[in-house]
Amino acid sequence: MKKNYLYILVLFIGFIFSANSQEKFTFSGYVSDAYNNETLIGVNVLIPNKNIGTTTNEYGFFSITLPKGEVNIVISYLGYKTISETINLDKDITQNFQLEESIEELNEIIITDNAERIKLRSPQMSLNKLSINTIKQIPVVLGEVDVIKSITLLPGVTSAGEGASGFNVRGGAADQNLILLDEATIFNSSHLFGFFSVFNPDAIKDLKLYKGGIPAKYGGRVSSVLDIYQKEGNSKSFHVNGGIGSVSSRLLAEGPIVKDKGSFLFGGRSSYAHLFLPLFDNDNVAYFYDLNTKLSYKINENNNVYLSGYFGRDVFRIAESFDNSYGNAVFNFRWNHLFSDKLFSNLSLIYSDYDYDLKLNFIEFDWTSGIKNFNLKYDFDHYINNNFKLKYGLNSIYFKFNPGFITPTTESSAINPFKLTDKYALENAVYIDANHKISSKLSINYGLRFSHFLRLGQDELNIYQDNQPVVFNEDLGIYEKAEAIETKSYKRSDVIESFANLEPRLSISYQINNDSAIKGSYNRMSQYLHLLSNTSSPTPLDVWTPSGKYIKPQLLDQFAIGYFKTLEDNTYTLEVESFYKTIKNRIDYIDSADLIANNAIEQVILNGEARAYGLELLFKKNEGKLKGWLSYTLSKSEQQTKGRVDNETGINNGKWYNAAFDKTHDVSLTTSYEFNNKWSISSNFIFQSGQPTTYPLGQYQYNGINIPNFGDRNANNLPSYHRLDISATYSPKKNANRNLQAQWVFGIYNIYNRRNASSINFRQDNVTGTNEAVRLSIFGIVPSVTYNFKF
């Protein structure tokens, strides 16, 4: 039946849009940077007198079909000179364009006006883009440019606080975000437990964050998609750029393999603060490094190939007693093929590996865990006509989960080797997405994704009475682990459990006038992987596990509606959105759940539900010496786990409780001001409601020990979080006789030295015996200096 739906949809689309009585021709090509041949994403290709247009895709390709005759083509992109050209369209024409960087645009108001009309008419909503130049201007702790910290300044996006890894979108958990680097999945987006992100800003080309209205090509997570593409490398000439900061430095080299046909890019970062610790008789070590690489080659006009990779590592050591290292490694081969001027394809073969290693030398054991996946993707962009475009494709991912392997580090160790059972899974999907312009005011994007998840055979699987790995003790009123009645082993080709889900997507836009539009969206998404964590933000110690016999996939339904307006010829833009979403089968943990090295994790998990709703506002100033944005989010995020039968209490007595990442108010003000060609300043102010926590309501004594008595889960909040950061950038005039371009960035993080609470713990004073609350703060005021260079 599900296959019939897809078949009928394709037939309907083909029948409605195949007819074309007027003679038309297709104008297509690629748009790239004239300086380095880097293809440009999202370039506006406009036909002003006909009020139509399109944008380049992820590989810089565009295709537009027009009536026969003479037409004026305008190519525009922020920060580049606009190209305006008249062509005689009497046949299909393929023409590539190269844009030159420019400080001031010719005919800027006219071109911007046409471009913004295209954006207003687009049904895509809940999408945020940040240019890498904007990200580099945002003040950050220790002067290290941070992609993840930058997106938390956008509406609907928060983090668990300073020194916390990951990010939360519209009240979702950090593991519900799909993070892609050149289409490869990144399972841990942070260095040094959240102080820095894994993305080298010098290697990044484009960044998009989808919070809702997510296209059907994306799947596997239920909160958001962060889609990042690396640069391809300069195929015209060799260049080097980098930076030297307070705690880390970076270097990137790029150049041609074959001029105008092939290029390479190699980039690296490393922190080095640990090198100075021995000067203070400190034996501890904490550092990270990462490497980015990409090779690109243009075979001919219809074929391009890319080979890209990322390798990152973190090392944390406390004297001789504790060693911790973890990291991501991804490799991706991609082949772009142009079947015709209307059909573009991309084939990707991707390998991704995230591993974690912990050595506890004082008890002489080594614990390793990780997740690997092999991914095949084949995507198509089909430009039927100017009013109708299709995207369709397929995706297959094979997973291998290593929950943990414990080995002794010495022959005299009392620890015996112990291997947690490996898990295997296969996730397949097909999708189709249609972008349909109904009229000059009404546009719709509708699509369907069919996902199929197979939990494959493993060596040992516990079997429980009535398939219940968790039982309820009525006498004590608590949940307990069930005893397995037997274990069963499967062949690797066996299917333990399978899940199939249809995931419809719908976005609609109605343009009220030239300056404003209203939009709405609905999307359903499935998530088959779960991060086992009972902390407010992910840690390297957390382990991923697949859905299966006892853990169901998470299912999201999200609705959003918004109003979008441009003011004063796009000098200002206003976006207001409201959302409501529900998630089924959100995992929850019984009290005192042990998640580390647990070979029967199903014994501490219950399936619950979650919901989040809120209002987002984004007001931007796009032009002039003063630029920036104000974002505000009013939201609520809750979770509930009811009893499975009437006599069970559920978690938190079955009542809704605040999610660990719920933040009622979130305000960010980000600004930059350019005094002249040499000096500019930037600032950002952040205010957030304190994250939920659970405080004790009282205490009782047992054998002379004070035992705290806690109330409802997450019924309290930490103090509100706020800080102000500033930075100044000095770019000295380039010496005409040298190729070196230099830049100094001076920053102050948390300028008024606010001691924001990372956590509040309660303890008993050893002297007085009284209870006391202890606030833990990560950062006070932090100055920084960074020197950037390019030649």
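1. Does R524 count as buried or exposed? R524 counts as buried, because its relative accessibility is 18% and the cut-off for buried is under 20%. Keep in mind that this is a predicted model. R524 is found in strand β35, which covers residues 516-527.

2. Now step back to the whole protein. It has four helices and 53 strands. Its C-alpha trace spans about 90 × 65 × 50 Å along the principal axes. The radius of gyration is 27 Å. A compact globule with 791 residues would have a value near 28 Å, so the two agree.

3. How much of the protein is buried? Buried residues make up 54% of the 791 residues. The protein exposes about 34700 Å², and carbon and sulfur atoms supply 56% of that area.

4. Residues 24 or more positions apart account for 66% of them. The protein has 77 positive and 81 negative charges. Their mean positions are 6 Å apart.

5. Follow strand β21, residues 285-300, and its partners. With strand β20 (residues 262-271), β21 pairs in the antiparallel sense over nine bridges. Within this pair, F266 stands opposite T293 in β21. Strand β22 (residues 303-318) also runs antiparallel to β21, and 15 bridges join the two. Here the bridge partner of L295 is L307 in β22. The link between β21 and β22 is a hairpin through two residues.

6. When you trace these strands, check the side chains too. In a regular strand the side chains alternate between the two faces of the sheet.

7. Strand β16 (residues 204-210) and strand β17 (residues 224-230) run antiparallel, joined by six bridges. K208 stands opposite D227 in β17.

8. Turn to Y30, in strand β1 (residues 24-33). Y30 is buried, with a relative accessible area of 13%. Not counting residues up to four places away in sequence, Y30 touches Y59, G60, F61 and F62, and also Q95, N96 and F97. E301, N304 and F344 are on the list of residues it touches as well. S270 lies 240 residues from Y30 along the chain, and their C-alpha atoms are separated by 35 Å.

9. Finish with L634, in strand β41 (residues 626-640). L634 is partly exposed, with a relative accessible area of 35%. Leaving aside neighbours within four places in sequence, L634 is in contact with Y613, G614 and L615, as well as T664 and H665. I681 is 47 residues from L634 along the chain. The C-alpha atoms of these two residues are separated by 29 Å.

Key
Residues numbered from 1 in each chain as written. Predicted model: local features only at pLDDT ≥ 70, side-chain atom pairs only at ≥ 80, totals over all residues. Heavy atoms only, no water. Pairing = 2+ DSSP bridges. Rg over C-alpha atoms; globule rule 2.2 N^0.38 Å. Buried < 20%, exposed > 50% of the residue type's maximum accessible area, 1.4 Å probe, protein only. Contact = heavy atoms within 4.5 Å. Areas by Shrake-Rupley, 256 points an atom, 1.4 Å probe, with all protein chains shown as cover. Lys, Arg positive; Asp, Glu negative; His and termini not counted. Charge placed at Lys NZ, Arg CZ, Asp CG, Glu CD.
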